[in-house]
Amino acid sequence: MRRVGNNTLGWLSLIMFVGGVLLSSASCEEQTWEKAMAAGQQAVQQGNYAEAERIYQVAVKKAEAYGREDRRVAVSLSQLAQVYAGQGKHVEAEPLYLQALKIYQAVHGETHADVAATLNNLGVLHRMYGQYAEAEPLLVRALSIKEALVGPDHPDVALSAANLGQLYVAQGQPAKAEPLYRRALSIRQQALGLSHPEVAKTLEDLANVLRKLGRSNEAVALDLQAREIRAKRS
């Protein structure tokens, strides 16, 4: 982990200056952590992952000043892990997600939204690297927690269902993926509207599954729906 020296502290002061208006209700140290996090998010949005990596490393150190089990440490670790994952750095990302998960569980218990999100991210990470046996229980558990927290028809549930479906596709089990994608599609159509880009994406994913199941006619119809949605939004 990168140490915070005098030069870095001066650099952080610059981040605080350009990051925006400070929140009056927070302490000076907390403002610094918040501004570092905001600067890291901005770097990610700009596609500057190397810069985001450096900023989030500093944010982790700032958060640890509140205690190594503070929730802010977990938030910082999670963001840094996402930056690593976005660069294909699986080895670096996994232990950070695991450390964040441990903190979230200690702070919130086993069935909190932060726990579900971290389980989901870990599951996706394992899937990306072909570690399907490790990915499945994480994604199943994330889906179960979200269902209990927000109900069966929430967009967050659709996201977890789609991620689990994608895992089954990668495993060569399209029959197990189909009901998950259909569920995600139904939720997104109801929650987001019939012409939302997420609906189009889910239609395409479901069409891909149906092709693998030898149901090309159904797949063509879904692809047509997806193209119509994208044409309306272009």
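I call a residue buried under 20% relative accessible area, exposed over 50% and partly exposed in between, with a 1.4 Å probe and protein chains only. This is a predicted model, so I kept to its rules: local features need pLDDT of at least 70, side-chain atom pairs count only at pLDDT 80 or more, and totals for chains, interfaces and linings use all residues. Residues are numbered from 1 along each chain as its sequence is written, and side-chain values use heavy atoms, with hydrogens and water left out.

**Entry 1: Val 75**

I looked up Val 75 and found it in helix 4, residues 71-86 (helices are DSSP runs of H or I, at least four residues, numbered from the N terminus). Is Val 75 buried or exposed? Its relative accessible area is 15%, so Val 75 is buried. Leaving out residues up to four places away in sequence, Val 75 touches Trp 33, Met 37 and Tyr 104 (contact means heavy atoms within 4.5 Å). I also noted 8.5 Å between the C-alpha atoms of Val 75 and Val 60, which are 15 residues apart along the chain.

**Entry 2: helices 6 and 7**

Next I checked how helix 6 and helix 7 pack: the angle is about 155 degrees and the axes are 8 Å apart (axes are lines fitted to C-alpha atoms over the stretch in contact, and angles run from 0 to 180 degrees between N-to-C directions). The two helices are therefore roughly antiparallel, a label for angles over 145 degrees.

**Entry 3: helix 8**

Among the buried residues of helix 8 I listed Val 157, Leu 164 and Tyr 168. Their cover includes helix 6, helix 7, helix 9 and helix 10. After helix 8 comes Gly 172, with a positive phi near 80 degrees.

Terms used: Parallel < 35°, antiparallel > 145°, perpendicular 65-115°, else oblique.
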